[in-house]
Amino acid sequence: FHLMSTVATMFCAETPWWLGTPTKLIKKVTLVHADPTINRLPVHTLTFAIPKNATFSGKAKPLSQVAIDMGDVVKMVIPNYKPKSYSMSALREHEFDITFKVYPNGRASGYLDRLKVGDETGTFGMSAGRRRNPGKYVGIIVYGVGITEGL
């Protein structure tokens with residue numbers, strides 16, 4: 001990945017879309033604290049500022065154009081690894097949240113866990129390619145615990 005990024009940067013006038021745009025972490029909240037006695041892993045919510053004037057080519061799109069209700073995702077650029085997809089847990093006008101569990105030896109979750117407020121990491125949005133067709137009726141199929149969301 002690093003070699004590909006270096007070669008692409010040499011031949012492109014603009015930053016390749018898969019490197020993302022610098023996005024600042026503005027808040028970090030621990031929702032679940034780790035407890036090794038019961039094998040409980042920590043869960044965090046990270047709040048990032050949406051970068052202004054971000055432009056992309058290729059498949060990526062600015063975070064300001066990402067739509068949670070359409071299944072779009074945020075790609076977090078993990079150093080020396082591939083970009084990792086995360087669903088947004090909240091989207092506001094100038095910021096968005098991702099919530100994740102920190103896994104032992106997890107490359108992506110470990111990197112995000114080590115971020116401090118004020119740090120920047122590369123991000124970009126990816127469209128799920130869905131579109132909404134408004135109509136008079138809606139059909140919802142749910143199973144098990146999904147019944148709550150269906151109601």
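Strand β6 (residues 88-91) and strand β7 run antiparallel and are joined by three bridges. Strands here are DSSP runs of E with at least two residues, helices are runs of H or I with at least four residues, and both are numbered from the N terminus. Two strands count as paired if DSSP finds at least two bridges between them. This is a predicted model, in which local features need pLDDT of at least 70 and side-chain atom pairs count only at pLDDT 80 or more, while totals for chains, interfaces and linings use all residues. Residues are numbered from 1 along each chain as its sequence is written, and side-chain values use heavy atoms, with hydrogens and water left out.

A hairpin of three residues connects β6 to β7. Across this pair, L91 stands opposite F96 in β7. Strand β7 (residues 95-101) also pairs with strand β2 (residues 43-49); these two run antiparallel and are joined by seven bridges. In that pairing, H44 stands opposite F100 in β7.

The next topic is charge pairing. Side chains of opposite charge can pair when their charged atoms come close. A salt bridge is taken as a side-chain nitrogen of Lys or Arg within 4 Å of a carboxyl oxygen of Asp or Glu. By this criterion, a search of the whole structure finds four salt bridges.

One of them links the side chains of E95 and R92, at 2.8 Å from N to O. Salt bridges with shared partners join R92, E95 and D97 into one network. For accessibility, buried means under 20% relative accessible area, exposed over 50%, and partly exposed in between, with a 1.4 Å probe and protein chains only. On this scale E95 is partly exposed at 25%, and R92 is partly exposed at 34%.

Another salt bridge brings together the side chains of D113 and K28, with an N to O distance of 4.0 Å. D113 belongs to helix α2 (residues 107-114) and K28 to strand β1 (residues 21-32), so this pair ties together parts that are 85 residues apart in sequence. D113 is partly exposed, with a relative accessible area of 27%. K28 is partly exposed too, with a value of 28%.

A further salt bridge is formed by the side chains of R40 and D35, at 3.9 Å from N to O. R40 is partly exposed, with a relative accessible area of 39%.
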